Amino acid sequence: MNIKALLTDKKKRIMLISALVCAVVAILCAVFIIVSSVSKAKNTDTDISSVTGEKITAPAGDDKYDPENNELHSEKGQNVSAENLEHKKGAANGIDVSKWQGKIDWGKAAKAGIDFAVIRIGYRGENGQLYKDSAADYNLQQAEKAGILTGVYFFSTAVTEDEAVREAEWTVQAIAGYSISYPVVYDCEGYLLESNRMNGLTAADRTKNALAFLRTVKAAGYEAMLYGNINELSNSACWDISKIENEYSVWVAQYPSPPYPQTAVPAYSGKYDMWQYTDCGSVDGISGICDMNVSYFTRKKAEPKSKQRPQTAEAPKATSDGYTETNEQITAKEFVNLRDMPSTKGNIAATLNNGEFATRIGIGDNGWSKLLYNGQTVYAITSYLTTDAGYIPPKPQEADIVNGQSFTAASGSVTAKEETNLRALPTTEGIIVGTIRNGEFVKLLATGDKGWSRLQYNGQTVYAVSSLLTTEVNTAPSETPQPQSEFSEVSEQVTAKSETNLRTAPVGGDGSEIVYTLKNGEYVTRTGVSDRGWSRLIYNGQTVYAVTSYLTQ
């Protein structure tokens, strides 16, 4: 090409300049794309697409907004070591963990007998922001590498259905590259705390949010599950559980003494598929304590929804000190647990009561204070402490305790899911005052922390197992005795989930007589099961009948 000739021709000169400008622009665009790609690869935020195609970002978690960075409940489980777990056919032993367990040696956990783990994938902070658990990727990758099957839970503080859907969309995209063999769980706790952003939501609204999350998860091809405490699930105290349990799995938390496996099943007799039986589990490979669970099902390893596998995640780093130095005397506003690490999963070293003092040597931006107590460095939640030596805690209400069970006032009317005994005391040893069947309503007075409800019946105060009660009228088992031919033959040992009446015929009410009330731990032989909700049993050589849903193996 003759450049000199081109330069002498004005028109051609303009064309040459334009071509050079375009070339420069193209080069700059290429450089910008490369830089953007590198920057994106280094970004610690999770960049994912929702099912609507919208890009959603969730930064790594912020401790001060983490809803799990709190004492969510006062009930403490019994100490359980994975070394003592039993491996039962059709069941599996598991744990649930988050960043608060620190760096987990998943190989050791697998050798300790852990079959599955439900790993926190993220949460919505108290500020309304979505966050990814900073240890989620590491935990999912290393658990799979160790041969432990995984599910995930999202800790929600959603106040609307739209927020719950967005949480679910974020979750299913965040786990798309992983083998998720166990359920994707909607975990919603702490909503009764005044400081919680969900405080004030009704049970109906809370249920709508849960259903919005669960439906979105199910539509993405995952098994969806609700987690809840037995007192919040029983008798639809905080959830409209009947709208959830017929379509989705339920994971119930209850910490009995003695724990599982000495206590075979939870006191909850609603529908459940998994049981969290302690929050004080000890597993080789995990520092501190963790929640322990049994699933009444087993799963095979699932294939990831996406062929694009996430990049290998680094192990969680030990939390830097990050405390502003102080030197001051503090006491508890009421009482507070002092732990060996700044986490509710740390071991409890002591409990500080109002009027007892410790020296605060640091305040962290993670919501915890570092203290010196009896020569030991411990940690406590900052909001539970005060420097006011004369602080007088609010006068507690007089405890309502009957037969070792604490009751909280409640209201409304309830009926039996099918049939339940009304007792003089909240125990299966209490005298039976009466029996109500579905459709016969009584006034609810209070709910207990060990699975019983206080009711008003014919002007008398009585008690019934909460999980056997409902607010809805259901279709009861057949009121007509069934001939022998309608029972499918079986031969197995069963017991009551809590307690159940053994009757002379497969019909409730006045259509049959009660032979005996079977309690949990007392076994009989089941010889038949009908499709109308009854089981045929042998008790002391006599053929009797009981409602199938009240029995368990």
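Visitor: How many cavities of 30 Å³ or more does the structure hold?

Guide: Four. A cavity here is a set of points on a 1 Å grid over the protein atoms alone where a 1.4 Å probe fits but cannot get out. Bear in mind that this is a predicted model, with pLDDT of at least 70 needed for local features and 80 or more for side-chain atom pairs, while totals for chains, interfaces and linings use all residues. Residues are numbered from 1 along each chain as its sequence is written, and side-chain values use heavy atoms, with hydrogens and water left out.

Visitor: What is the volume of the second largest cavity?

Guide: About 80 Å³. Volume is the space filled by probe spheres set on the points, and grid points are joined across faces, edges and corners.

Visitor: What makes a residue part of its lining?

Guide: Having an atom within 4 Å of a point. Among those lining the second largest cavity are Glu 419, Arg 503, Trp 534 and Tyr 550. Strand S30 (499–503) gives the largest share, four residues. Strands are DSSP runs of E, at least two residues, and helices are runs of H or I, at least four, numbered from the N terminus.

Visitor: How many lining residues of the second largest cavity are nonpolar, polar and charged?

Guide: Four nonpolar, four polar and three charged. Ala, Val, Leu, Ile, Met, Phe, Trp, Tyr, Cys and Pro count as nonpolar, Asp, Glu, Lys and Arg as charged, and the others, Gly among them, as polar.

Visitor: How do you know that S33 and S34 pair?

Guide: Pairing takes at least two bridges found by DSSP. S33 and S34 are joined by six and run antiparallel, so they qualify. Leu 537 stands opposite Val 544 in S34. The two strands form a hairpin with two residues between them, and Asn 540 in the turn has a positive phi of about 50°.

Visitor: Why is Asn 540 called exposed?

Guide: Its relative accessibility is 69%, and exposed means over 50%, buried under 20%, partly exposed in between (1.4 Å probe, protein chains only). So Asn 540 counts as exposed.

Visitor: And why is Ser 236 called partly exposed?

Guide: Ser 236 comes in at 22%, so it falls in the in-between class. Ser 236 also has a positive phi of about 50° although it is not a glycine, and lies in the loop between H7 and H8.

Visitor: Which residues does a cis peptide bond join?

Guide: Ser 257 and Pro 258, with omega about 0°, and also Tyr 260 and Pro 261, with omega about 10°.

Conventions. 1 Å grid on protein atoms, 1.4 Å probe; cavity = no way out; pocket = protein on both sides within 12 Å on 5 of 7 lines; lining within 4 Å.
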